[in-house]
Amino acid sequence: MKPIFPTAILLAAWPIFAADIPDRPEKLTFPPLTFEPPNPADYRVQLKAGPVAYVVADKTLPLVNVSLLVRTGNYLDPQGREGLAEFTGYLLARGGTASKQAEELEERLAFLAAGLSSSVGDDSGSVNLNLLSKDLPEGLAILREVLTAPRFQSDKLDLYRQQSVQGMKQRNDDSSAIDARERELLAYGTNFWACRFTTQKSVAAITQDDLREFHRKWFVPGNFVVAVNGDFDRAAMVAKLEELFANWPFKGETPPPIPTNTAMAKPGVYMVNKDVNQGRVVIMLPGVKRDDPDFPALQVMNDILGGGGFTSRIMNRVRSDEGLAYGAGSSFPGGIEYARPFQAGFASKSRTVAYAASIVVEELKRISEKPVSDEELNTAKRSFIDTFPENFNTKGKVAAILAREEFTGRFAREPNFWKTWRGKIEAVDQATVQRVARERLHPDQVVVLVVGQKDEILKGHPDHNTPLEKLVNGPLVELPLRDPLTMAPLPLDAGKPPATN
Amino acid sequence: MNRSLLLPWVAVAFTAAAWAQQIPVVEKTLSNGFKLLLVERHDSPSVTGGFVVKVGSANERPGITGIAHLFEHMMFKGTPTLGTKDAQRDLELINEQERLRTGMRAEEAKMRAALRRGLVDDITSPESKTDRYKELEAEFKQRVDEQRALLVKNEFDRVYTTAGASGMNAFTSDDMTGYFINVPANKLELWCWMESERLLRPVFREFYSERDVVFEERRMRVESTPIGKFQEQFNALLWDSHPYHWTPIGWASDIPAITKKQADDFYALYYQPQNITLILVGDFQPAAAEALVTSYFARIPAGNQPPPEVTTQEIPSLGEKRYYAEAETNPQVDIYWKTVPFGHRDGYALDVLQQILSTRTGRLYKGLVLGPQVATESYAQQDSRKWAGTFNIGGEARDGKTPEEVEQAIYAELERIKTEPVPAEELQKVKNQFAAGEYRKLSANFPIFLQVLQNEGLGDWREVNDAGPRLQAVTATEVQRVAQKYFVRENRTVGIYTRKAGLGAKAEDPDFAGLSAEQKPVVRRIIDSLKGESDVAKLKQALEQMQAQAAGGEPKRQQIQKLLAQKVAARIAELEKK
């Protein structure tokens, strides 16, 4: 094999003496590195059997990975049977097939050291098969049977139901679980589908027939996007995929659009009382969808504000300057179907929760009022642009990222999305950063969620006069914990430790 | 990677000899003692680089527990030229801060004395500070503010981020401290500059605010989680004499007492080149990379005294130890047996045993979750650390079952392993899984980097390549032998967790689902009172009355009456069974 000598390394191979080592890293020079993202057309195949597939051959290891994205989701759960989508997703691969008991199927896959899993999440489902390439024919036959003739064995349904209810019982144990749940409720409102929860009653109502019906409705080739990578010849793999999806035994439906009726809570401080010595805080504002024209600028702005880790302002002030938190930062995720909120958060000891929260709100103001520095802007832009190749650093990632583009419909609208992404980031300037901050970050409108020891947190700290009540132009509301099995609100004193005898 | 190396495997599939997938590591040693490990891969135009320092919490002692981890945080604070606009004034301010801190430490000693005498309850509360402490603290804060005006905040991170590096992080375990980052392939020289600079002349500025950050990390990981603080105590019960007795985060009273002087001494002792291995995985040519690394790292002086070895050994287990705790968690059992450290010849059979017991087709899932249904989940893990090891098995009790029942079911499975050889097909299944893992572990730069780093930190990177064939060679007899040797009663420490009563997390009786908020407490009171009633005749009379009432009652009340009737009937059945 001819050794590869990239130019960069050849130059670096010249001996360097200690005296030549500069005192500052800026004095080093680097050869350019060019990188182009993968071209979707090189991998995209419209299968006659229905789905679009992205097929990425890579013979370095004798492994094959087959992934399906499925147009389905928790949003399709019928009222009163919350959990049906999740149960169907889990039990598809775990509940046996027409020809094999679940136990027999599991044993065979385990003997082949193959991984087969399935799941349904909020707005999509997935099925994954990872195996040694020598076992591909057998693996695909199993996959076909799992997809077309799952058994949904009743003992497996009962077991999963039991595990699910027992899992529910931990819903109030960890403050992070309470935080995750209540922040969704505040961000999207109780009427939004993503804020419906499984309950003991809802999962008790799920029958084998429900699973079968849900499966036959949505698990059809027309609802699949496929990603395949690994040790195969492309043409042979395409033929195998055609076979995998041909002559589907049932017809299915196209799922309805994902509802978008979100409603964020009114500005205010919302507290859940929980007896832990570190309070968790999240500060929210209405967000955007990722196809918003300002989305690239918002990413850069957020990176400077709190998204960029140790180069961001919130991390520098809350953690590094003041030692108030281990993690502190913000995110401005773009929603695909509906806007997802801006969130800034941290966890701090009870007595400094209010002070740290006041610093975060101060930073929201500062980035709206004053332009960011050249250095901050440059760091944020480079962090997106120069790490770009990492998005595609394995063949598995290439296949997955392209399939995801197809699945969300962005490929159809913007086939050059990844090709043009770096240019959009490069074009962001200081004025734009300030404008998007001013338009989106309204410090007096924030919705704040605090989970922790209410009394200690409200005491505040003698060195800092930053009462939590004055953080927002809105009320301070105590939220109840919820009954873990019914999700009905519990009395407000439920989070207090029991009286000691 | 050379594809031809793999072809013979495909042809002879499932024969043990051909299993091992070698990670092609090139090993070099620099003149000052640094070891350098290089793995060349051209999958993406990037390099994962980092180093492992052979120091962890096992090298600490009471009083400075947590220092290895705190120190890891300090390694990101910069150098004389990175992180400040005025290196000289920065250093002066650090020294002035230390002088004030010496005074504050004298006050902290008084605060601890007040705690011992019961004059204060909590020395971490702001109200417990002495007046003198507050004065000194105010002065200290002035020096911090002055220093902050000169700081270039987190410049070490900023330089890397601006250069397109990503994923900068570090970790500290009982045995090692690892640092890593991913850089674009054309920035390998920047990596050399940055890492050699911080090893050559680190500046530990912002020491005290970082100490607070570490304490918040402790609150987050240990104190505010449902069972974190219990696990810390359970771990202390598990290890008697060995420094694994404390965990890497350190004791709550030690972290705020660690001094900068102790951190400086720690660095001088453990961060010597001969105690550090540099590792690069990715897109470079090894000879060129070696030349570049040598030119930057060779300038760091060799250490003059080898870091001390951990000589304290764990005392032999003479009796079973048991720990009972009530926590905000589902009932569960967690059992540890002391086994063997990294590289011990029994380790391979124990790894095979772990795989036989765990996974969805493993013995525990079948024996605890599926068959007798005593547990909802179970796990098994052999953990070979550098100086000693453990085998851990546990599970969550299924509703209506106790952790003790899960415990007994675990012992029953172990008895079976001890008395009956594992069938050939089952042994082959887990060997196939290890063999496929040999390929899966080669998927990307970072996982390869991490395996090399961890094995090197535990004792020898070669184990990443040597373990595969040794696992394939394990026999059913050896599995049986190690089970008989280690799974004995006096060698185990058992943790039993039950749910703490009275908190909001208390699960509600599912039969209450349809009742209103007003009805629930009333019904609950009646049901509770049933537990105290043991007169069957009286209960039967009550039941008859209820059934008569229910027949003519309004629909709204029918649910309650039906529910109460059920509960009374259940109580009668319970009493008649006795």
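## Strands β3 and β6 of chain B

Let's start with a pair of strands in this predicted model. Strand β3 (residues 46-53) of chain B is joined to strand β6 (residues 276-282) of chain B by seven bridges, and the two run antiparallel. Along this pair, B:Val53 faces B:Ile276 in β6(B). Here strands are DSSP runs of E with at least two residues, helices are runs of H or I with at least four, and both are numbered from the N terminus. Two strands count as paired if DSSP finds at least two bridges between them.

## The sheet around them

Both strands belong to an open sheet of six strands in chain B, with mixed pairing and the order β1-β2-β6-β3-β5-β4. At the edges stand β1 (25-29) and β4 (166-172) of chain B; each has a single partner strand, so one side of each is left without a neighbour in the sheet. On average, neighbouring strands of this sheet are turned by 15° against each other, direction ignored.

β4(B) and β5(B) pair in the antiparallel sense over five bridges, and a hairpin of four residues joins β4(B) to β5(B). Within this pair, B:Phe171 has B:Gly178 in β5(B) as its bridge partner.

## A helix across the sheet

Helix α15 (residues 445-458) of chain B lies across β1, β2 (35-40), β3, β4, β5 (177-184) and β6 of chain B, running at about 15° to β3(B). Contact here means heavy atoms within 4.5 Å. Axes are lines fitted to C-alpha atoms, for helices over the stretch in contact, with angles from 0 to 180 degrees between N-to-C directions.

## Where chains A and B meet

Turning to the interface, 97 residues of chain A are in contact with 100 residues of chain B. The two chains bury about 8,600 Å² between them, 56% of it on carbon and sulfur atoms; this is the accessible area (1.4 Å probe) lost on putting the two parts together, summed over both.

There are 14 salt bridges between chain A and chain B, each a side-chain nitrogen of Lys or Arg within 4 Å of a carboxyl oxygen of Asp or Glu. One of them links A:Arg319 with B:Glu210, whose closest N and O atoms are 3.1 Å apart. On the side of chain A that touches chain B, helix α13 (residues 374-385) of chain A gives the largest share, six residues.

## Reading the numbers

Residues are numbered from 1 along each chain as its sequence is written, while chains are lettered from A and ligands numbered from 1 in the order in which they are written. Local features need pLDDT of at least 70 and side-chain atom pairs pLDDT 80 or more, while totals for chains, interfaces and linings use all residues; side-chain values use heavy atoms, leaving out hydrogens and water.
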